[in-house]
Amino acid sequence: MKTKTAEKIDTKPKACMRTREQYIEGLRTMRRNLYYRGRLIDRDDELQMPTLNVMGTTFDAAFDPELKDLCTATSHLTGNTINRFCHIHQNTDDLHRKQNMTRALCRKVGFCIQRCMGIDATNAVNAASYEADKLNNGNTEYHKNFIKWLTNFQNNDLVGCCAQTDIKGERLKRPIEQTDPDMYLHVVERKSDGIVVRGCKLHISEASIADEILVVPTRALGPDEKDYAVAFAVPADHEGVKQVLSIHNFRPREHFKKGFSGGYTDSYLIFDDVFVPWDRVFLCGENDHGGMCALLFALFHRHSYSGCKPAIGDVMTGLASLAAKHNGIRKTGHIREMLAEFIKITELGYAAGYTASAMGKPEVYVPGLGSVPYGPGSCIPNSIYANVGRCLTGEAVFEEQEMLCSIAGGLPATFPNEADIMNPELRPLLEKYLNRNPGASVEDQIKFWMLYIDYSCSGFTGPMNYGNYHGGGSPIMEQIAITSQYDIKLRENLVNYIAGVEELKPGTLTKI
Ligand SMILES: Cc1cc2nc3c(=O)[nH]c(=O)nc-3n(C[C@H](O)[C@H](O)[C@H](O)COP(=O)(O)OP(=O)(O)OC[C@H]3O[C@@H](n4cnc5c(N)ncnc54)[C@H](O)[C@@H]3O)c2cc1C
C-alpha cells in the first residue's frame with residue numbers, strides 16, 4: 001500500500017534538459033504546416049537537417065563538460081536545472097552568461113545559434129505581462145498565464161522563436177491607418193474562451209524547427225490601436241498557422257567534408273484567423289505595454305547580438321588572416337590594417353554588450369521619465385550600451401564583406417566546382433593551379449576557400465548579411481533608440497560650463 005508521502009508530487013529540483021534526439025523526436029510528432037517551394041515538408045526533411053544540426057548544438061551544450069556551466073541555469077520558478085535558453089535573467093551575472101554562451105555556441109557552429117529569439121522574447125513578455133496586470137488592477141491574469149506557460153517551457157526544454165516583425169504595408173502609416181488592416185497582426189474577435197487573431201509575421205528565424213511561437217507587437221501603439229497590442233504563444237504547428245519557408249544552407253560537399261555543417265531557416269508566419277485560448281494570451285489591448293514589449297524584445301535581442309556578432313567577427317578574422325596567408329600577403333601593411341579593423345568591430349561589439357550586462361537593472365527607459373522600474377525584478381540590459389554595440393556591428397557588415405573581397409582577390413567568384421576538382425582528368429591540373437601556399441596542403445587550401453566562398457560569395461552570404469544588418473532592428477532603429485535615450489543635455493551642460501555660459505549641474509561629471 002502506498003503511504004501518503006509517496007503519493008505526494010515530487011517537488012525536488014531536477015534536471016530538465018532534453019537531448020538533441022529527444023528534441024528532434026518531438027518535432028516529428030507535429031502537424032505538417034511547413035511550405036517550401038510549393039509543397040508541404042516534414043520538420044525533419046533533409047533540407048532542414050543543417051538547421052537542426054545548429055539547434056541540436058544548444059541541447060548538446062547542456063551536457064558538454066566544457067560548456068554546461070555556461071549553458072544551464074537554475075530556474076527561479078522551480079529550482080530545476082534548465083537550459084539557459086529557457087531562463088529569465090535574474091541578475092547581471094545571468095546577462096553576462098547569456099552573452100558568453102551566445103558567443104561560445106556561435107563559434108562552435110560558425111554562425112547564428114538560432115535559439116536566442118526565444119530567450120529574448122520570454123524575457124520581454126515576462127516583464128510586460130507583469131506590468132499590464134498591474135495596470136489592470138488585478139482584472140487580468142496575463143502574468144499568471146505566462147508563468148504557467150514558462151514553467152512548461154522550461155520543464156520540457158522547449159525551443160521558442162519570436163514573431164515580432166509585421167508585414168507593415170505602407171511604411172509611413174501607423175497600423176490603424178493602413179489601407180489593409182491586416183498589415184499588422186491584430187485581434188479580430190474576443191470570445192469567452194480566447195481571442196482570434198489575423199495577420200502575418202515575416203522573416204521569423206527558426207520557426208520551422210521551433211516548438212513554440214511567441215508573438216509580440218512590432219512597434220509603439222496608440223490608444224486607438226489596442227487590437228494590435230497583443231502578445232501570446234502558440235505551438236509552431238497550431239491550427240490555422242501556415243509557415244512559408246526560406247532555407248539557407250551552406251553548399252553541400254561530397255568529398256571535402258566540413259568540420260561543422262549548418263544552415264538556418266526563416267518563415268513567413270501566416271495567422272489565418274487563429275484561435276488562441278486565454279491562458280496563452282499575455283497582453284491584449286494594453287497599448288502602452290504592447291509598445292514596451294516590442295522595445296524590450298528588441299533590446300534583449302540587440303544584447304544577444306553582442307554575443308553572436310563577435311563570434312561571427314571571430315570567424316571573419318580567421319578567414320581574413322588565413323586568406324592573407326594562403327595568398328602570401330599576410331605581412332603586408334594593408335592586411336594588418338584590415339585585421340585591426342575586424343578585431344576593433346568584434347571586440348567593441350563585445351565590450352558594449354559586456355557593459356550592457358554589467359549595468360543591467362530591472363528598469364526601462366521611458367521618454368520624459370528616464371529609467372524607471374519595470375517588471376517583476378528580472379534583469380534588463382542597459383539600453384544605450386546594447387544599442388550602440390548592435391548599431392556598430394550592424395553597420396560594419398558590408399565593410400567586413402568588402403575587406404574579405406579585397407583580401408581574397410577574384411578567386412571565390414570563379415572557384416572550380418567540387419565535381420570538377422574530383423574529375424580524375426582535371427584533378428592533378430586543378431590541384432596544381434589551385435595551390436598558392438607551399439606551407440599548406442592543396443587539400444586544406446581547397447577546403448579553406450570553399451568555406452570562404454560560403455561566407456563571402458554564395459547563396460548563403462546574401463541572407464546572412466541581411467540578417468546581420470537588419471536582425472533585431474535595422475541600424476536606423478538603433479540610432480533612434482540611442483539618440484532619444486542618451487543624455488545629450490548633460491553633454492550640452494558640460495560644454496556650456498567650459499564655455500562659461502552656465503554652471504555645472506549636479507551629476508554632470510560623474511553620471512555614465
Ligand atoms: C535574416 C533575417 C532574420 C530575421 N529574424 C527575425 C525573427 O526571428 N523575428 C522577427 O520578429 N524579425 C526577424 N527579422 C526581421 C528584422 O527585425 C527586420 O528585418 C528589421 O526590423 C527591419 O524591418 P523590415 O525588414 O520590415 O524593413 P523596413 O522596416 O521596411 O525597412 C526598410 C527601409 O525603410 C525604412 N523605414 C521603414 N519604416 C520607416 C518609417 N516609418 N519612416 C522612415 N523610414 C522607414 C527603414 O529605415 C529602411 O531603410 C529578421 C530579418 C532578417 C533579414
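## Strands and the open sheet

Two strands count as paired here if DSSP finds at least two bridges between them. Strands (E, at least two residues) and helices (H or I, at least four) are DSSP runs, numbered from the N terminus. This is a predicted model: local features need pLDDT of at least 70 and side-chain atom pairs count only at pLDDT 80 or more, while totals for chains, interfaces and linings use all residues. Residues are numbered from 1 along each chain as its sequence is written.

With that settled, look at the open sheet: six strands, mixed in pairing, ordered β2-β1-β10-β11-β7-β6. β2 (39–41) and β6 (186–190) sit at the edges with a single partner strand each, so one side of each has no neighbour in the sheet. On average, neighbouring strands are turned by 25 degrees against each other, direction ignored. (Axes are lines fitted to C-alpha atoms, for helices over the stretch in contact; angles run from 0 to 180 degrees between N-to-C directions.)

At one end, β1 (residues 34–36) and β2 run antiparallel, joined by three bridges. Tyrosine 35 has leucine 40 in β2 as its bridge partner. Helix α3 (residues 49–61) packs on the sheet, touching β10 (241–249) and β11 (263–277), and its direction makes about 85 degrees with that of β11.

The pLDDT, the predictor's confidence in each residue from 0 to 100, averages 96 over the protein, and 98% of the residues score at least 70. Residues 1–6 fall below 50, and beyond near neighbours in sequence this stretch has one contact in the model; a contact means C-beta atoms, placed from the backbone, within 7 Å.

## Around the ligand

There are 22 residues around the ligand, and Gln164, Thr165, His203, Ser205 and Gly467 come nearest. Being near means a C-beta atom, placed from the backbone, within 6 Å. β5 (160–163), β7 (194–205) and α16 (461–470) each supply at least two residues of this shell, with α16 giving the largest share, four residues.

## Two domains

The domain assignment gives domain 1 (20–290) and domain 2 (291–488); such bounds come from an automatic or database assignment. Their centres, taken over C-alpha atoms, are 23 Å apart.

Note on methods:
Contact = placed C-beta atoms within 7 Å.
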